Amino acid sequence: MCSVTAVAELLTVDEALRRVLERARPLPAEEVAIDAAAGRVLAEDARAVVDLPRFPSSAMDGFALRAADTPGTLPVVARVAAGRPASRALGSGEAMGIATGGVVPEGADSVVPIELVTDEGDTVVVPEPVTTGDNVRPRGGDVVEGEPVLPAGTILTPSRLAALAAAGVAAPRCARRPHVAIVATGTELRRPGEPLGEGEIYESNGLMLAALLREVGADVELLGRVADDEASHEAALARGLEADVLVTSGGVSVGPHDLVRGTVTKLGAEEVFWGIAMRPGKPFSFAVRGDTLVFGLPGNPVSSLVGTLLFVQPAIRALQGVRDPGARFALGVLGAPARRGQHRDDYQRARLEVAGDAVVLHPVRGQESHMIVRAAAADALVHVPRGDGELPAGAPVRYLPLDRATGA
């Protein structure tokens, strides 16, 4: 098989991401039952089916009355529970007990809290004047029927699901979840728990990639481990190319056993780029076949992790129509000096410490791309831009919190 020619010029991280996202077009929409929509992304504006509140309601436990009748002692002619409106309108000089959320009766214009009055059973003493509108939630004060509740591209978090449900939205239209196929390549790979022969290692990337991509909304299919021969590669990658996204681990460099790039090209994919000016993860490939996105990740576990966070997760978000799909970096300061690379941006694993108003980032020992166990001690990925020398302790940096980097 002919190998794919490596490009001489490495792309910047920003340019590589731009090329990925311009090819990650949102998937078709489908209706999703509201109780199954957690984590989904709205494909269309979700609009209120009803006014919210549907009626003027009380914001407090207290008494509904007319502000003009206060202060004074008023007869209590009814008591209004939530969900059970008063049987008649409120007359001049009257009061009605009312629960929080209860329908403010016709004729009332205010609610006075129970703690500000004296409830004598048949009468209520209101010692101070009340202002019209006090503690009354007007009909439609939150949203009016037909108004947008949430715009397209919104990820449905628990509070947003509650907003849709309250506004009567039973089945929001959401982008279809991307189907992602994952293939781990390497004759040397074995499943954890299996005995290891000479030169063999346990496969960890597939498990990691599946978890990372499920947490941003993908439906993941693990296609298993593939030996370093052309027939095995072609069979597995042909199957993977039927998905919306194919992600491979290993076999994307320029050695004699690096077969992924040549195989996907043989199967009809067009390579968009190979090689990014970053460490770890330089030998990263991206190709497309029709609407299928193909990501070739390095086999070193930390390289695979970083490439997924910076490029594959954003693509999965973009396929679902998320408005700002890129990795969500925050700002912090270095707790120790960090060496810079002259030609490549570095993404260093670090421990995060909150010190007063500052987030301090301490790079962990062992930054080599194969050290996934050392990386497990980190809870942040720190961007160290290319340059000469090192960044001193206290220098401002961008970081990606690893404990929430996977959020949709």
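Reply: Threonine 70 counts as buried, because its relative accessibility is 11% and the cut-off for buried is under 20%. Bear in mind that this is a predicted model. In the chain, threonine 70 sits in the loop between strand E4 (62-65) and strand E5 (72-80).

So much for where it is; now its surroundings. Setting aside neighbours within four places in sequence, threonine 70 is in contact with Leu65, Val126, Glu128, Pro129 and Val130. One of these comes with a polar pairing: a polar atom of the threonine 70 side chain lies 2.9 Å from the backbone nitrogen of valine 130.

The backbone here is worth a look too. Threonine 70 is joined to proline 71 by a cis peptide bond, with omega about -5°. Proline 71 is found in that loop between E4 and E5 as well. Most peptide bonds are trans, and most residues other than glycine have a negative phi. There's another cis bond to check, running from leucine 52 to proline 53 with omega near -5°. Proline 53 lies in the loop between strand E2 (46-47) and strand E3 (57-58).

On the phi side, have a look at asparagine 135. It isn't a glycine, yet its phi is positive, at about 60°. You'll find asparagine 135 in the loop between strand E9 (123-126) and strand E10 (136-137). With a relative accessibility of 26%, asparagine 135 counts as partly exposed, whereas threonine 70 at 11% counts as buried.

For some context on packing elsewhere, take the largest nonpolar core. It has 43 residues, and Leu213, Val247, Phe295 and Phe311 are those with the most contacts inside it. Helix H6 (301-319) is among the elements that each supply at least two residues, and H6 gives this core its largest share, 11 residues. A second, separate core has 16 residues, including Ala181, Val183, Ala236 and Ala287.

Notes: Residues numbered from 1 in each chain as written. Predicted model: local features only at pLDDT ≥ 70, side-chain atom pairs only at ≥ 80, totals over all residues. Heavy atoms only, no water. Helix = DSSP H or I, 4+ residues; strand = E, 2+ residues; numbered from the N terminus. Buried < 20%, exposed > 50% of the residue type's maximum accessible area, 1.4 Å probe, protein only. Polar contact = N/O pair within 3.5 Å; in protein donor to acceptor, adjacent residues only side chain to side chain. Contact = heavy atoms within 4.5 Å. Core = buried A, V, L, I, M, F, W, Y, C linked by side-chain atoms within 4.5 Å.
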